[in-house]
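Keep the sequence and the 3D view open as you read.

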Amino acid sequence: MKSKRILIMLIAIFVVSMVASAQEANIQQLKQTTENSAKNLTSYTYSRSAESMLIYSNNTLRKEYDVYKTTMGKVDLVNKKGWWGSNLTDEETGDVLTWEGYFINGSEYWKESMNWTSLNVTDTAQVLQAYNEIPGQVNLIKYSNMKIVGMEKMQGEDYYKITGSPIPSIYSGMTGLQLLAAYFPSPFALPDKLKNGTLDISNTSLMNNSRITLAAWISKNDSTLRRLDINSSLTVTPKILNISSPDFKIMSTINESTVYRNFGSPAKILLPKDAQNASTSRMIGANWRWALFGSIRP
Amino acid sequence: MTGNFNIGKSWSKLAWLCIAVLLSTCSLNVMGQVVDTSGPDRAYCVGTGNLYATTPGINNGKPVCQFAGNAWCDAHAFFTGNCTGSTSPHYAGYNTPMSALDIADATKTCQTRGGQVQNVHTPYGDVNLCVFPDGTSVDLRSLSRVVYSNGINGGMPDNGIYYMPDNGIYGTPYNGIYNTPYNGYDPMTGNGLYDANAWYYGAYAFLNSP
């Protein structure tokens with residue numbers, strides 16, 4: 001009787017490990033096919049919505065900053081063209097900041113509110129790569145610990161839903177950026193340890209007080225990435241940063257969702273006529289498409 | 001939501017040019033400590049292709065104009081012609097580490113060791129990884145061979161100048177300056193400790209990058 005129980009337990013363990021192994025094999029296979037599909041893209045469009053909340057508090061103050069950003073984009077890899085347009089909205093004032101970027105015929109133009117700027121492009125391949133963001137998004141999935149959590153149907157099509165969290169080198173990079181972004185509008189001064197590079201993030205509890213989760217939907221039909229959600233939260237206090245400072249607390253959250261569509265369909269990307277009058281030509285500038293939340297305001 | 005973050009429509013077109021810098025003037029308004037009256041300085045700085053920035057830790061919180069390579073001048077001094085990028089009087093140590101030179105060098109080091117650079121998009125822009133043949137990866141920036149003249153254990157350059165070993169090996173004199181491995185990590189051999197604070201340089205580089 002006893003040996004029978006042991007046998008049943010062994011069989012159960014074997015079945016569970018086989019299922020886990022199959023799951024692992026499937027996610028690796030799915031990552032691979034998704035990567036392959038990202039390499040063979042010709043054109044696509046995307047829309048992204050993101051919201052960010054920053055809360056600053058200590059004994060005497062509490063400030064909150066909420067912004068909402070929408071971004072649309074088109075990528076035509078055959079004709080080497082790209083476009084993106086973003087709106088950043090301050091949810092308190094309702095003020096909206098708009099900006100756009102065009103990459104056409106080897107030239108790049110930015111529209112900042114109503115003003116055009118042309119950029120001196122020295123490496124067109126690199127610029128096109130920046131506009132073609134799907135491979136980077138797929139890399140985020142590739143280098144994250146993901147698992148298949150199920151199948152979902154959207155608009156009649158089947159998708160694998162996978163969830164997970166980035167590997168430490170990405171995780172810490174993102175958390176570091178989020179930390180710095182949180183300090184942009186902060187009423188609390190940037191800690192000296194952060195400024196002089198002696199903050200030892202690995203020895204603090206910052207990582208334990210942050211959370212990054214990913215969810216992606218991948219087409220069962222052609223393995224293209226159709227949607228990617230990134231949710232990230234971070235809490236900062238002097239204790240967490242292991243610094244000496246009067247007590248304060250910063251809470252930062254960002255929730256971003258990007259949907260990709262129109263794979264292979266003609267992408268109409270036309271440079272507006274007034275862009276030709278761009279008077280300023282400069283070598284450097286910020287890529288506002290990836291503007292740090294908190295660092296800019298309408 | 002509390003607090004007044006609106007700096008006025010007349011400034012709005014310029015205010016968001018602060019994007020890649022360490023702190024916008026908006027935040028100073030939040031603190032209620034500084035009123036931004038530096039329109040011409042900002043316009044001249046931005047109009048000449050540079051970045052306008054204000055952060056408490058630099059230049060005593062007064063606006064700076066930041067140039068390619070991350071040197072900077074007091075914004076008003078730049079406007080009045082009393083300072084140029086090449087003769088920056090207050091070269092911030094933490095602004096120096098991650099230039100295009102570092103990225104190019106780190107990429108070369110990554111490839112020398114058989115690795116491949118992979119861009120990973122995040123809500124805050126790209127994080128660059130060096131992925132090695134065995135599947136392990138590190139933040140690309142941790143592979144930069146650019147070291148500081150006194151960069152021992154995280155120390156920052158006292159003169160804002162950094163040096164790259166001419167042969168890729170640390171501890172050898174270059175231009176008469178004896179270089180020291182940063183945090184003891186030698187990216188050429190993989191010996192020593194990987195710099196766990198690489199995220200920090202990546203973060204600052206992003207904030208300061210073109």
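Two residues are in contact if their C-beta atoms, placed from the backbone, lie within 7 Å. By that rule, A:K142 touches A:K31 and A:E35, leaving aside residues up to four places away in sequence. This is a predicted model, in which local features need pLDDT of at least 70, side-chain atom pairs count only at pLDDT 80 or more, and totals for chains, interfaces and linings use all residues. Residues are numbered from 1 along each chain as its sequence is written, while chains are lettered from A and ligands numbered from 1 in the order in which they are written.

**Around A:K142**

A:K142 sits in helix α3 (residues 134–142) of chain A; helices (H or I, at least four residues) and strands (E, at least two) are DSSP runs, numbered from the N terminus. A:K142 counts as partly exposed because it has 19 C-beta neighbours inside 10 Å. A:L30 lies 112 residues from A:K142 in sequence, yet their C-alpha atoms are 9.5 Å apart.

**Strands in chain A**

Two strands pair if DSSP finds at least two bridges between them.

| Strand | Partner | Sense | Bridges | Residues facing each other |
|---|---|---|---|---|
| β9(A), residues 210–219 | β10(A), residues 225–236 | antiparallel | nine bridges | A:A215 and A:D229 |
| β10(A), residues 225–236 | β11(A), residues 249–261 | antiparallel | 10 bridges | A:D229 and A:S257 |

Five residues separate β9(A) and β10(A) in a hairpin, and A:S223 in its turn has a positive phi of about 65 degrees.

**Chain B and confidence**

Chain B has six helices and 10 strands, and 51% of its 210 residues count as buried. Among its contacts with a separation of 6 or more, 45% join residues 24 or more positions apart.

How confident is the predictor here? Its confidence in each residue is the pLDDT, from 0 to 100. Chain B has a mean pLDDT of 51, with 27% of its residues at 70 or more. Confidence is highest in strand β4 (residues 116–122) of chain B, at 85, and lowest in strand β10 (residues 177–178) of chain B, at a mean of 29. Residues 145–199 of chain B stay under 50, although the model has 107 contacts for them beyond four places in sequence. Residues 201–210 of chain B are also below 50, with 30 contacts beyond near neighbours in sequence. For the complex, the predictor gives an ipTM of 0.75 and a pTM of 0.68.

Note on methods. A residue is buried if 20 or more other C-beta atoms lie within 10 Å of its own, exposed if 12 or fewer, and partly exposed in between; C-beta atoms are placed from the backbone. pLDDT is the predictor's confidence in each residue, from 0 to 100.
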